[in-house]
Amino acid sequence: MKLGTVVGIGDDLMLFEETVPELCRYRVQVILPVEGPYDYLAPEGSAGGKPLQPGQIVMVPIGKRILPGVIWDGEPDTSVPYGKLRQIEEISDLPLINDELRQFIEWVAAYTLFPRGSVLKMVLSVPQALESVAGQKLYRQGLSDAVDQSFRITAARQKVLDLLAESGGWTGADLAREAGVSNSVIKGLEQAGVVEGYFEVPDFSFPLPPADIKGPDLSEDQRAAADDLISKVRAGNFAAVVLDGVTGSGKTEVYFEAIEAALGEGQQILVLLPEIALSSQWLDRFEQRFAVRPAEWHSELTPALRRKTWRAVSEGKASVVVGARSSLFLPYEKLGLIIVDEEHEASFKQEEGVCYHARDMAVVRAKGCGCPVVLASATPALETMVNVQNGRYERLVLSGRHGGAGMPDVELVDLRFDKPERLDSGQGWLSQALRGAIRQTLEAGEQAMLFLNRRGYAPLTLCRTCGHRLQCPHCTAWLVEHRRFSRLQCHHCGYNTRLPDSCPSCDSEGSLVPCGPGVERIVEEAKKLFPDARIGLMASDTLTSPAATREMVERIEKREVDLLVGTQVVAKGYHFPYLTLVGVVDADLGLFGGDLRAAERTFQLLHQVAGRAGRAEHKGRVILQTSDPQHPVMQTLKAGDRDKFLEIEAETRSRGGLPPFGRLAAVIVSGPDEAELDNFCATMARAIPTIDGARILGPAPAPLSLLRGKYRRRFLVMTRRSVAPQAVARSWLQGLKSPSRVRVVVDIDPYSFL
Ligand code: ADP
Ligand code: ZN
Ligand code: ZN
């Protein structure tokens with residue numbers, strides 16, 4: 001209808017005034033840490049056009065910035081005067097953030113008590129993906145014969161070239177940002193012909209596995225488990241299934257079958273792995289089975305690949321995504337199956353930004369998608385096993401290792417009796433029993449591994465004269481010596497400094513001595529004891545890239561390493577067929593420190609490490625060095641009785657009303673000024689409400705009472721299973737206003753108590 005025209009309705013004449021009609025109002029959720037959507041007006045020139053739909057991605061002005069947001073459900077607040085509203089700047093042509101994902105965002109926000117905008121930000125985590133790509137200039141390596149030979153390659157230029165050597169397809173802005181150089185560096189390279197600019201609409205898709213792929217013949221119980229999963233995938237209903245089997249029992253082969261079935265249904269599949277960057281073996285295996293590589297999602301992706309992946313996922317052009325926990329928030333078009341491998345891993349719990357547990361949220365997302373979720377582990381979390389017992393989750397069991405390889409024998413060495421002997425150069429950490437076992441293994445031409453979950457050379461440096469201990473200036477933590485780099489390092493904030501020549505407290509020269517072992521120190525001892533052995537070290541700070549990891553894994557596979565020393569990175573699903581001995585230097589290490597899951601984590605980690613021994617035809621042997629051989633963790637590991645361990649653990653926790661028999665929320669209060677912080681904590685303590693079935697403890701100084709220069713205090717909300725800690729925390733904190741420099745973070749279902 002044209003404006004200002006006269007329209008006849010029956011006999012009446014209605015006169016339209018010469019005014020511009022009001023633009024439609026929309027609720028837009030922006031990606032700021034705010035609750036609830038804000039109202040905006042439709043963009044200029046959209047009057048009379050198609051109304052916008054919930055889920056559409058838009059750009060909106062907020063303050064001085066333009067930020068992405070999503071049209072949200074619900075009616076706008078018409079009481080806000082029209083003139084006060086700002087307009088939507090731009091409407092993206094990307095697929096909608098669909099109902100399922102919008103509801104998931106709302107659910108996660110309500111559960112974690114984080115603002116909806118913060119959760120949405122995890123979904124719209126790749127701003128470049130929202131930009132239109134048509135007509136963008138991209139860069140790749142130039143042809144070498146076009147290069148002006150006198151052109152000098154400076155350090156800045158080299159950074160750009162290194163990135164382009166890995167992959168082409170970068171925008172100028174991404175390239176400059178990632179290389180940390182200015183645009184003029186790229187321009188200069190282009191002029192010299194070293195890099196080449198080109199225009200292309202990039203291809204945002206990942207190849208689909210061919211239809212005729214086939215896995216290995218499965219054993220009887222593998223087949224039964226796979227068939228069960230396949231029928232659930234085809235039925236397309238929600239189901240949570242625990243795939244329970246020892247390392248090597250074929251869990252991966254079984255869930256590969258489920259993936260194949262979901263591919264057959266044209267669905268997308270998400271595989272969540274802990275520490276994806278380290279699982280080159282998993283990716284190779286996937287490729288062997290499915291002939292293509294899956295789309296990966298983790299923090300190491302280049303911006304170009306990040307954008308490509310986000311777009312491909314949202315357009316349904318990435319069929320299998322394997323990723324770290326953040327891949328749970330990608331905008332899948334049609335998710336048909338979620339796998340959470342190593343579901344017991346604590347690294348699925350995110351503690352920075354929005355605090356959430358990716359395994360638990362995966363179950364929620366699967367429910368919303370109406371698809372099965374598979375939780376695979378050799379040592380399922382107690383939470384998971386309790387969910388099996390109360391019927392919420394189903395369980396499929398794979399018994400024994402594939403091909404009949406036996407479980408390794410576990411022996412305990414009591415360090416109180418078999419004290420490691422001193423070497424000429426200082427203290428030793430390996431007992432006679434362990435030294436003997438290593439010698440035997442090496443003589444038999446097999447591989448051995450020493451495990452110690454501690455990076456660096458020594459966890460503590462002490463002055464022999466005055467007893468001073470070197471501490472991080474920003475955290476309540478000792479500095480760890482890293483001898484390879486001749487530095488002292490804080491493992492909490494990254495602070496590092498040179499090892500001083502004299503004691504900072506009493507000035508004595510040469511009085512500083514390392515205390516306790518880290519993996520570097522074990523390498524040193526092993527070199528002395530076994531001078532002919534080829535020794536390899538695997539720790540997160542020695543494996544600086546996926547390529548470095550791959551190289552080390554290959555060296556071990558090719559038997560170019562006889563004795564491997566490593567931290568928990570070696571516990572990840574690697575398969576080394578010639579590794580027959582695993583020695584755990586300090587099995588008690590994880591048992592201390594006030595974490596309610598300390599025993600469970602130690603059991604899981606040591607079980608997993610032990611599982612590295614003897615995976616092929618050679619029988620494995622595991623030696624745990626401990627000062628407390630009677631501890632239930634050591635006893636059940638020795639007996640190979642996981643269920644007994646879970647039983648003891650369940651009893652301890654249920655007696656204490658601890659998860660999963662009760663619920664927890666941690667409240668961490670932090671700030672730069674200690675007096676102001678304590679003051680506010682006192683106010684919080686006075687406001688603690690009395691609620692039936694709930695207790696609030698605190699404030700207590702956090703074990704890390706100083707972290708990155710901020711003081712920290714903790715409260716703990718403990719509730720009965722039937723009481724939601726969210727409601728308790730909300731009713732307690734709602735009316736409290738913290739000073740601007742004090743931060744209050746609620747962590748529902750906390751895993752870290754530092
Ligand atoms: P898990 O995931 O439980 O640790 P995997 O699926 O990795 O177990 O299996 C362990 C090893 O045994 C792998 O090398 C795998 O390829 C092999 N394997 C498992 N099941 C079979 C089978 N049915 N046929 C052939 N090889 C198998
Ligand atoms: Zn620090
Ligand atoms: Zn001193």
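A polar contact is a pair of N or O atoms within 3.5 Å. The exercises below apply to a predicted model.

**Exercise 1. Ligand 1**

*Solution.* 
1. The shell comprises 15 residues, of which Asp217, Gly248, Thr252, Glu253 and Arg285 come nearest. Helix H8 (residues 251-264) supplies the largest share, 3 residues.

**Exercise 2. The zinc ion (ligand 3)**

Identify the donors of the zinc ion (ligand 3) and classify their arrangement.

*Solution.* 
1. Four SG atoms coordinate the ion at 2.3 Å, those of Cys463, Cys466, Cys503 and Cys506.
2. The angles subtended by the 4 donor atoms run from 108 to 111°, and the arrangement is therefore tetrahedral. The criterion for four donors is that all angles lie between 85 and 135 degrees.
3. Along the chain, the donor spacing reads C-x2-C-x36-C-x2-C.
4. Cys466 belongs to the loop between strands S22 (460-463) and S23 (480-482), and Cys503 to the loop between strands S25 (496-498) and S26 (512-515); the pair therefore ties together parts 37 residues apart in sequence.
5. Cys466 is partly exposed, at 39% relative accessibility, whereas Cys503 is buried, at 0%.

**Exercise 3. The zinc ion (ligand 2)**

Carry out the analysis for the zinc ion (ligand 2), stating its donors, geometry and spacing.

*Solution.* 
1. The protein donors are the SG atoms of Cys472, Cys475, Cys490 and Cys493, at 2.2 to 2.4 Å from the ion.
2. Angles of 106 to 114° among the 4 donor atoms make this arrangement tetrahedral.
3. The spacing is C-x2-C-x14-C-x2-C.
4. Cys472 sits in the loop between S22 and S23, and Cys490 in the loop between strand S24 (487-489) and S25, so this pair ties together parts 18 residues apart in sequence. Both Cys472 and Cys490 are buried.

**Exercise 4. Asp595**

Describe the surroundings of Asp595.

*Solution.* 
1. Asp595 is located in the loop between strand S29 (579-584) and helix H16 (598-610).
2. Its relative accessible area is 17%, so Asp595 is buried; the cut-off is under 20%.
3. The side chain of Asp595 reaches the backbone nitrogen of Arg597 at 2.8 Å.
4. Beyond neighbours within four places in sequence, Asp595 is in contact with Arg601, Tyr751 and Phe753.

Definitions and conventions
Residues are numbered from 1 along each chain as its sequence is written. Chains are lettered from A and ligands numbered from 1 in the order in which they are written. This is a predicted model: local features need pLDDT of at least 70, side-chain atom pairs count only at pLDDT 80 or more; totals for chains, interfaces and linings use all residues. Side-chain values use heavy atoms; hydrogens and water are left out. Donors are N, O and S atoms within 2.8 Å of the metal (3.2 Å for Na, K and Ca); water is not among the atoms, so sites may look incomplete. Four donors count as tetrahedral if all angles lie between 85 and 135 degrees; four count as square planar and six as octahedral if opposite donors are over 155 degrees apart and all others between 65 and 115; anything else is irregular. Helices (H or I, at least four residues) and strands (E, at least two) are DSSP runs, numbered from the N terminus. Buried means under 20% relative accessible area, exposed over 50%, partly exposed in between (1.4 Å probe, protein chains only). A polar contact is a pair of N or O atoms within 3.5 Å; within protein, one must be able to donate a hydrogen and the other to accept it, and residues adjacent in sequence count only if both atoms are side-chain atoms. Contact means heavy atoms within 4.5 Å. A residue is near a molecule or strand if one of its heavy atoms lies within 4 Å of it.
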